[in-house]
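Subject: Handover of a structure

Dear colleague,

Please find below the structure that I am handing over to you.

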Amino acid sequence: MPTRILIVGAGAIGAFYGSRLACAANTTVSALCRSNFKAVRDHGFKVTSPNYGEQVFKPEYVFSSPEDARKAGVKWDYLLVATKALPDVSDDSALIEGLVSDGTSIILVQNGLGVEEPYKKRFPKAAVLSAVTIASAAQPSHGVIKHNRWTRISIGPYLPHLDQGGSGSKPDDKAVIDSNKKIVYLLQEVGIKDAESYSHAGLQFVRWHKIAINAAMNPSSVLSGGLGNQEMSLDPEISRHLTGVMNEVLETAPKVLGKPLPPKLATVEQLLNSTRKNSSGSKPSMWLDWEKGARMELEVILGNPIRLARQKGCEMPRLQSMYALLKAAQENRDKAKGSSRL
Ligand SMILES: NC(=O)c1ccc[n+]([C@@H]2O[C@H](COP(=O)([O-])OP(=O)(O)OC[C@H]3O[C@@H](n4cnc5c(N)ncnc54)[C@H](OP(=O)(O)O)[C@@H]3O)[C@@H](O)[C@H]2O)c1
């Protein structure tokens with residue numbers, strides 16, 4: 001039997017990793033689409049990448065809705081969820097209701113903290129795998145995927161009962177860990193050389209480490225009126241601010257996770273120096289979302305870290321200021337949009 005994978009949220013990141021996985025032996029990849037459904041059904045995805053060249057990726061099944069996917073009655077080995085994480089807009093765990101059966105693993109390829117909980121809550125018996133990617137990709141038009149740079153994806157089993165105060169490992173943990181190893185192996189087989197397998201605790205550190213970058217760059221780009229990563233890191237005053245935000249995140253992570261930061265993670269200075277050298281002109285996704293009037297991933301990038309820290313008695317004042325003001329700005333913008341439609 002082939003390994004059957006369904007991409008849920010087949011946008012930039014979902015379709016990029018889907019196109020790679022479709023090259024694995026004895027593996028089929030399908031896509032649950034939304035606005036890009038017709039383009040993908042008719043032509044597949046056109047994927048360009050500096051690493052892998054040009055590829056037309058034709059999914060085995062292309063579904064227009066979760067209902068459509070449920071009707072197909074396929075037993076999925078992996079559901080790779082790559083929607084934007086917007087818990088203030090929708091609980092996307094509902095999308096895969098009826099698609100999870102015995103042996104299905106749910107891989108969450110999303111930025112932010114706390115993205116796993118709604119899935120673990122709705123599907124307590126399913127294997128939930130948590131993934132962080134630094135790949136940069138975009139979908140400039142429906143079905144056209146532009147992989148810009150980087151491929152690294154870090155994946156770990158989500159086993160929160162192993163956290164401090166948890167009751168220790170459970171008999172089913174091994175199956176979750178094996179499923180994690182298998183998807184990492186498949187990604188490596190199709191040329192994602194830096195696909196890496198982590199433990200539950202190790203992956204949560206990777207998530208916090210990525211938050212140091214996202215919580216610094218994303219909101220600051222919106223608040224500075226659309227400056228790119230390199231411009232911000234070269235501006236002396238903004239650079240001090242970015243350093244402050246990154247330090248706040250990396251000092252809070254060990255307090256929340258109850259362990260020191262692993263030494264192999266890049267330091268704040270290393271992160272900022274590499275951003276200063278990156279002349280690609282890239283702009284954070286939060287700015288791109290703000291510019292097009294879309295909801296921003298504020299809750300998972302700012303709100304959840306602040307709330308997790310508070311549960312441990314810590315405040316994150318730099319994140320909190322940006323969160324409070326951007327949330328209000330987003331609400332005001334949406335209210336104004338609503339009243340202009342009346
Ligand atoms: N792009 C990057 O370079 C990058 C890098 C690292 C991490 N990430 C993270 O990866 C995640 C995905 O980002 P992305 O850039 O790939 O976003 P994206 O291009 O907007 O893709 C998300 C896809 O999910 C679809 N979707 C949303 N709700 C759906 C629903 N109810 N049913 C079916 N499809 C649905 C969207 O459809 P519509 O088009 O109809 O809305 C879109 O095709 C985010 O958490 C992001 O922060 C992105």
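The buried residues of α1 are A12, I13, G14, A15, F16, Y17, G18, S19, R20 and L21. Here, buried means under 20% relative accessible area, exposed means over 50%, and partly exposed lies in between, with a 1.4 Å probe and protein chains only. Because 10 of the 10 residues of α1 are buried, this helix is largely enclosed by the rest of the structure. Helices (H or I, at least four residues) and strands (E, at least two) are DSSP runs, numbered from the N terminus.

Please note that this is a predicted model, in which local features need pLDDT of at least 70 and side-chain atom pairs count only at pLDDT 80 or more, while totals for chains, interfaces and linings use all residues. Residues are numbered from 1 along each chain as its sequence is written, and side-chain values use heavy atoms, with hydrogens and water left out.

The ligand

Which residues are closest to the ligand? They are I13, S35, N111, A137 and E297, and the ligand is surrounded by 22 residues in total. Two elements, α1 (12-21) and β9 (136-141), each supply at least two residues of the shell.

Several oxygen atoms of the ligand deserve a look. A polar side-chain atom of S35 lies 2.7 Å from an oxygen atom of the ligand, and one of R34 lies 2.9 Å from an oxygen atom of the ligand. From A137, a backbone N or O atom lies 2.9 Å from an oxygen atom of the ligand. The protein covers 81% of the 890 Å² of accessible area that the ligand has on its own; such areas come from the Shrake-Rupley method with a 1.4 Å probe, and for residues only the protein chains shown count as cover.

The UniProt record, an unreviewed entry, annotates residues 5-158 as "domain: Ketopantoate reductase N-terminal". Over residues 5-158 the chain is 19% helix and 36% strand, with its end C-alpha atoms 19 Å apart. The UniProt record also lists residues 206-329 as "domain: Ketopantoate reductase C-terminal", again in an unreviewed entry. Residues 206-329 are 73% helix and 0% strand, and the end C-alpha atoms lie 29 Å apart. UniProt positions are given in the numbering used here, feature names are shortened, and annotations may be inferred rather than shown by experiment.

The nonpolar core

The largest nonpolar core has 40 residues, and those with the most contacts inside it are W208, A215, M246, V249, L302 and L319. At least two residues of this core come from each of α6 (200-223), α8 (236-257), α9 (268-277), α10 (285-291), α11 (298-311) and α12 (317-341). The largest share, 9 residues, comes from α8. A nonpolar core is a set of buried Ala, Val, Leu, Ile, Met, Phe, Trp, Tyr and Cys residues joined through side-chain atoms within 4.5 Å.

Individual residues

S130 is in strand β8 and counts as buried because its relative accessibility is 1%. The side chain of S130 makes a polar contact with the side chain of R207 (2.8 Å). A polar contact is a pair of N or O atoms within 3.5 Å; within protein, one must be able to donate a hydrogen and the other to accept it, and residues adjacent in sequence count only if both atoms are side-chain atoms. E299, found in helix α11, is buried at a relative accessible area of 9%, and its side chain makes a polar contact with that of Y323 (2.6 Å).

Is K125 buried or exposed? K125 counts as exposed because its relative accessibility is 84%; it is found in the loop between α4 (117-122) and β8 (127-133).

Most residues other than glycine have a negative phi. N26, however, has a positive phi near 50° and sits in the loop between α1 and β2 (27-32). W150, in the loop between β10 (144-149) and β11 (153-157), has a positive phi near 60°.

Yours sincerely

Note on methods
A residue is near a molecule or strand if one of its heavy atoms lies within 4 Å of it.
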